[in-house]
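Colleague: I would like to go through this protein with you and check what the labels rest on. Please set each value against its definition.

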Amino acid sequence: MIEISRLLALLVGFSLALMCSSAVIAQDDKTKDDAAGSVEQEATKTVELADGALTLEVPDKWMGVDPKFNMIEAEFSIAAEEGDEQKGRLTIMAAGGSAEANIDRWAGQFSQPDGGSVKDSMTVEETEVAGFTTHMVDLSGSYADREGGPTSPPVMRENFRMLAAVIETDQWGSYFIKFYGGAETVEANREAFHAMVKSLTVK
């Protein structure tokens, strides 16, 4: 009887050891998964606006380029996705005019292949970023691209899309952020665009 009791005790102890070992392995796997998740987070770089009073976190893979116009504080080129011929372009600038007037102007740069209303298909959402009223815009269609400036003749770009944000600040006026390009390119960077807008920080 004594030998049987010892054998049962050994078996119970062995089972408990296995359970503890499994728990440790599971915890280690979770730690590895958590570490892997942190590595997968997209690298960003900081962009300063309003003489350093405001900052945004922009994906590191977006290439900074010299702005085409003096009014633009920062400009980025986004690599085209497969199926798109044109690179994406993102501009950040402070300007006058109401949010509604500028959104209407952007909508006027697009047309629908079926002749339908661009305003009926676009979405405009009002939210708050860093305490500022912000208008998030999403529109698509054929885009009249004026690469050489507002007075240059338009080049029609089919299957284009624009994501934009109007951030109405108290001290620095309204900031306009526009990201446009081929539909596939814009969609592939849509979440990154929204994350960038939400990263706005006041120093």
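Modeller: Start with a definition: buried means under 20% relative accessible area, exposed over 50%, and partly exposed in between, with a 1.4 Å probe and protein chains only. This is a predicted model, in which local features need pLDDT of at least 70 and side-chain atom pairs count only at pLDDT 80 or more, while totals for chains, interfaces and linings use all residues. Residues are numbered from 1 along each chain as its sequence is written, and side-chain values use heavy atoms, with hydrogens and water left out.

Colleague: Why does S174 count as buried?

Modeller: The relative accessibility of S174 is 13%. Buried means under 20%, so S174 counts as buried.

Colleague: What is S174 in contact with, leaving aside its neighbours within four places in sequence?

Modeller: Contact means heavy atoms within 4.5 Å. By that rule S174 touches M93, A94, A95, V166, I167 and E168. S174 is found in strand β10; strands (E, at least two residues) and helices (H or I, at least four) are DSSP runs, numbered from the N terminus.

Colleague: How do you know that β5 and β10 pair?

Modeller: Two strands pair if DSSP finds at least two bridges between them. Here 7 bridges join β5 to β10 (residues 174–182), and the two run antiparallel.

Colleague: What makes β5 mostly covered?

Modeller: Of the 8 residues in β5 (residues 88–95), 6 are buried.

Colleague: What makes R89 and E75 a salt bridge?

Modeller: A salt bridge is a side-chain nitrogen of Lys or Arg within 4 Å of a carboxyl oxygen of Asp or Glu. The closest N and O atoms of R89 and E75 are 2.8 Å apart, so the pair meets the definition. R89 lies in β5 and E75 in β4, so the pair ties together parts 14 residues apart in sequence. R89 is buried at 15%, and E75 is buried at 5%.

Colleague: Which strands do R157 and D145 tie together?

Modeller: R157 lies in β9 and D145 in β8. Their side chains meet in a salt bridge at 3.4 Å, N to O. R157 is buried at 14%, as is D145 at 7%. Salt bridges that share partners also join D138, R161, E187 and R190 into one network.

Colleague: What joins the side chains of R161 and D138?

Modeller: A polar contact of 2.7 Å joins them. The term covers a pair of N or O atoms within 3.5 Å; within protein, one must be able to donate a hydrogen and the other to accept it, and residues adjacent in sequence count only if both atoms are side-chain atoms. R161 lies in strand β9 (residues 155–168) and is buried, with a relative accessible area of 14%.

Colleague: Is K203 buried or exposed?

Modeller: K203 has 65% relative accessibility, so it counts as exposed. It forms a salt bridge with E48, the closest N and O atoms being 3.2 Å apart.

Colleague: Why do you say that the buried residues of α5 line one face?

Modeller: The buried residues of α5 (residues 190–198) are A192, F193, M196 and V197. Seen down the axis, they fall within an arc of 135°, so they line one face of the helix. The arc is that of the directions from the helix axis to the C-beta atoms. The face turned away carries the exposed residues E191 and K198.
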